[in-house]
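Colleague: I would like to learn how to read a protein model, one feature at a time. Could we go through an example together?

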Amino acid sequence: MLKQISCDQFIIDGKVRGPINFGKGLNVVLGGKGGTNSIGKSTFLMILDFVFGGNDYVKKDSDVQKNVGQHTIKFIFEFNGKDYYFSRSTEDFQNINVCDENFKPLADKRMTRDEY
């Protein structure tokens with residue numbers, strides 16, 4: 001299961017937002033109390049797709065790519081009680097890095113999307 005997503009470009013009130021943690025079962029993406037649009041729900045869903053190997057976040061969300069620039073999404077999956085750390089950048093989006101617990105890519109552990 002996907003356990004966590006983080007990125008140094010996730011900004012809230014001018015500061016880097018902490019990691020987004022997921023629990024077992026249903027997780028919900030909610031908008032603001034005022035019901036306004038353009039607060040990031042669709043972008044976040046595209047980031048989830050990116051974490052699972054999709055390309056739409058880079059290829060179709062051109063506003064983010066233009067305004068934010070190249071960035072890396074870090075994520076943790078849990079399988080059989082063990083955490084696995086990965087990262088994927090918008091610059092080299094065809095590959096996924098296997099990382100240590102500090103999200104440092106492990107040597108010779110990069111995977112293509114197909115391998116992932």
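Colleague: How many residues stand between S5 and S6 in their hairpin, and which residue in the turn has a positive phi?

Modeller: Keep in mind that this is a predicted model. S5 and S6 form a hairpin with two residues between them. In that turn, Asn-80 has a positive phi of about 50°.

Colleague: In what sense do S5 and S6 pair, and over how many bridges?

Modeller: The general idea comes first. Strands of a sheet pair through backbone hydrogen bonds, and the pairing is either parallel or antiparallel. In this case strand S5, residues 72–79, and strand S6, residues 82–89, pair in the antiparallel sense over eight bridges. You can follow the pairing from one end to the other. Phe-79 stands opposite Lys-82 in S6, and Thr-72 has Ser-89 of S6 as its bridge partner.

Colleague: How many residues lie between S6 and S7 in their hairpin?

Modeller: The hairpin of S6 and S7 has five residues between the strands. Strand S7 covers residues 95–99 and pairs with S6 in the antiparallel sense over three bridges. The C-alpha atoms of Val-98 and Phe-86 are separated by 4.6 Å, although the two residues are twelve apart along the chain. Leaving aside neighbours within four places in sequence, Val-98 is in contact with Tyr-85, Phe-86, Lys-104, Pro-105, Leu-106, Lys-109 and Met-111.

Colleague: What is the order of the strands in the open sheet?

Modeller: Six strands form the open sheet, in the order S4-S1-S5-S6-S7-S8, with antiparallel pairing. S4 and strand S8 (105–112) stand at the edges and have a single partner strand each, so one side of each is left without a neighbour in the sheet.

Colleague: How many bridges join S1 to S5?

Modeller: S1 and S5 run antiparallel and are joined by four bridges. As an example, Gln-4 has Ile-76 in S5 as its bridge partner. Strand S1, residues 2–6, is also joined to S4, by two bridges and again antiparallel. There, Ile-5 stands opposite Ile-20 in S4.

Colleague: Is Asn-95 buried or exposed?

Modeller: The term buried applies under 20% relative accessible area, and exposed applies over 50%. Asn-95 has a relative accessible area of 15%, so the residue counts as buried. Asn-95 is found in strand S7. The side chain of Asn-95 makes a polar contact of 2.9 Å with the side chain of Asp-92. Not counting residues up to four places away in sequence, Asn-95 touches Arg-88, Arg-110, Met-111 and Thr-112.

Colleague: Where does His-71 lie?

Modeller: His-71 is in the loop between helix H3 (62–68) and S5. With 5% relative accessibility, His-71 counts as buried. A polar atom of the His-71 side chain lies 2.7 Å from the backbone oxygen of Gly-69. Once neighbours within four places in sequence are left aside, the contacts of His-71 include Cys-7, Gln-9, Tyr-57 and Arg-88.

Colleague: Which value of phi does Asp-13 have?

Modeller: Phi of Asp-13 is near 55°, a positive value in a residue other than glycine. Asp-13 sits in the loop between strand S2 (11–12) and strand S3 (15–16). Its relative accessible area is 77%, so Asp-13 is exposed. Now turn to Asp-108, which is not a glycine either and has a positive phi of about 60°. Asp-108 lies in strand S8 and counts as exposed at 81% relative accessibility.

Colleague: What volume does the second largest pocket have?

Modeller: Rolling a probe the size of a water molecule over the atoms shows where empty space is left. Here the second largest pocket has a volume of about 160 Å³. Strand S4 (20–21) and helix H1 (41–51) are the elements that give two or more residues to its lining. Among the lining residues are Met-1, Leu-2, Ile-20, Asn-21, Phe-44 and Leu-48.

Colleague: How many residues of that lining are nonpolar, polar and charged?

Modeller: The lining of the second largest pocket has eight nonpolar residues, three polar and no charged.

Conventions. Residues are numbered from 1 along each chain as its sequence is written. This is a predicted model: local features need pLDDT of at least 70, side-chain atom pairs count only at pLDDT 80 or more; totals for chains, interfaces and linings use all residues. Side-chain values use heavy atoms; hydrogens and water are left out. Two strands pair if DSSP finds at least two bridges between them. Buried means under 20% relative accessible area, exposed over 50%, partly exposed in between (1.4 Å probe, protein chains only). A polar contact is a pair of N or O atoms within 3.5 Å; within protein, one must be able to donate a hydrogen and the other to accept it, and residues adjacent in sequence count only if both atoms are side-chain atoms. Contact means heavy atoms within 4.5 Å. On a 1 Å grid over the protein atoms alone, a cavity is a set of points where a 1.4 Å probe fits but cannot get out, and a pocket is an open set with protein on both sides within 12 Å along at least five of seven lines; lining residues have an atom within 4 Å of a point. Grid points are joined across faces, edges and corners, and a volume is the space filled by probe spheres set on the points. Ala, Val, Leu, Ile, Met, Phe, Trp, Tyr, Cys and Pro count as nonpolar, Asp, Glu, Lys and Arg as charged, and the others, Gly among them, as polar.
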